[in-house]
Amino acid sequence: MALLKVENATMQFGGLTAVKDFNLQINEGEIVSLIGPNGAGKTTAFNMITNVYTPTKGKIIFNNTDVTGMRQDIITQTGIARTFQNIRLFNDLSVLDNVLIANHVHIKSNFIEATLKLPKYRREEKEMIEKSLDLLEELGLQDLRYEKATSLPYGKQRKLEIARALATNPKLLLLDEPAAGMNPTETDELTAFIKEIKEKFNLSIFMIEHHMNMVMGLSDKIQVFEYGITIAEGTPSEIQNDKKVIDAYLGVSEDD
């Protein structure tokens with residue numbers, strides 16, 4: 001069943017078309033990757049789905065609901081979460097507090113109840129702390145819960161950013177170059193981690209990534225961008241043997 005459908009989404013900035021007629025379908029339980037050269041429009045595609053940018057035209061349909069132009073916090077509440085190429089943690093806060101902040105997206109107490117710490121808010125706060133601690137334990141970060149985010153090794157910071165996204169209870173997780181800056185060992189560990197959380201949290205995943213071993217090892221389907229246009233889509237084996245993709249991205253074909 002289709003969880004996400006992007007229908008002819010186009011993003012223009014003045015006279016520049018960054019993404020043109022982008023179509024995508026992600027089914028429940030799938031990992032779909034978007035690849036292409038730097039500047040191809042991949043992050044713009046992510047930003048349209050999460051309404052960092054509202055598409056100039058086209059639709060974003062998530063879980064049978066049109067979320068085009070919806071506020072970002074509402075989109076998060078519907079079940080879409082994301083990470084960023086450049087890690088965006090609250091560096092001076094603890095690991096636990098970073099996850100707690102993400103939990104607030106589903107809080108029911110109003111501003112007065114939260115400000116005055118009325119019983120309803122205190123109950124919710126206790127539940128959020130318990131949920132956050134359980135999540136950190138599931139992801140192997142519980143021993144670091146009181147450490148400052150900025151003090152963590154790079155690979156752990158990536159895991160924490162993913163943990164914070166998972167705290168919003170997503171159905172669809174968008175990962176923007178999760179292995180950026182990682183060495184091969186860290187990339188292998190992250191690949192195993194993504195497989196683990198997909199199964200554990202029953203996720204669908206949409207990923208931008210340049211590490212081809214990771215992309216080919218994780219993806220059910222791959223879409224290839226060049227200058228904001230999809231030039232190919234298919235299974236990993238189909239993409240590896242597509243001449244347009246080889247010429248544009250994976251390397252010069254042997255026929256040239």
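**Notebook: surface patches and the sheet**

I looked up Arg123 and noted that it counts as exposed, because its relative accessibility is 51%; exposed means over 50% relative accessible area, buried under 20%, and partly exposed in between (1.4 Å probe, protein chains only). The model is predicted, so I kept to its limits: local features need pLDDT of at least 70, side-chain atom pairs count only at pLDDT 80 or more, and totals for chains, interfaces and linings use all residues. Residues are numbered from 1 along each chain as its sequence is written, and side-chain values use heavy atoms, with hydrogens and water left out.

**Charged patches**

I placed Arg123 in helix α5 (residues 119-138); helices (H or I, at least four residues) and strands (E, at least two) are DSSP runs, numbered from the N terminus. Arg123 forms a positive surface patch with Lys108, Lys120, Arg122 and Lys131. Patch residues have over 30% relative accessible area and no salt bridge, with like charges joined within 9 Å and nonpolar side chains (Val, Leu, Ile, Met, Phe, Trp, Tyr) within 5 Å. A salt bridge is a side-chain nitrogen of Lys or Arg within 4 Å of a carboxyl oxygen of Asp or Glu.

I then looked up Glu137, which also has its place in helix α5. Glu137 counts as exposed because its relative accessibility is 51%. A patch of negative charge on the surface gathers Glu137 with Glu127, Glu130, Asp134 and Glu138.

**Nonpolar patch**

I found Phe111 in helix α4 (residues 111-115). With a relative accessible area of 65%, Phe111 is exposed. Phe111, Ile112, Leu116 and Leu118 make a nonpolar surface patch of about 430 Å²; accessible areas come from the Shrake-Rupley method with a 1.4 Å probe, and for residues only the protein chains shown count as cover.

**Sheet**

I traced an open sheet of 4 strands in the order β2-β1-β4-β5, with antiparallel pairing. Its edge strands are β2 and β5 (65-66), each pairing on one side only. Two strands pair if DSSP finds at least two bridges between them.

I followed β1 (residues 2-13) against β2 (residues 16-27): the two run antiparallel and are joined by 8 bridges. Ala2 has Asn27 of β2 as its bridge partner, and Lys5 has Gln25 of β2. The hairpin of β1 and β2 has 2 residues between the strands, and there Gly14 takes a positive phi near 65°.

How values were computed. Lys and Arg count as positive and Asp and Glu as negative; His and the chain ends are not counted. The place of a charge is taken as NZ of Lys, CZ of Arg, CG of Asp or CD of Glu.
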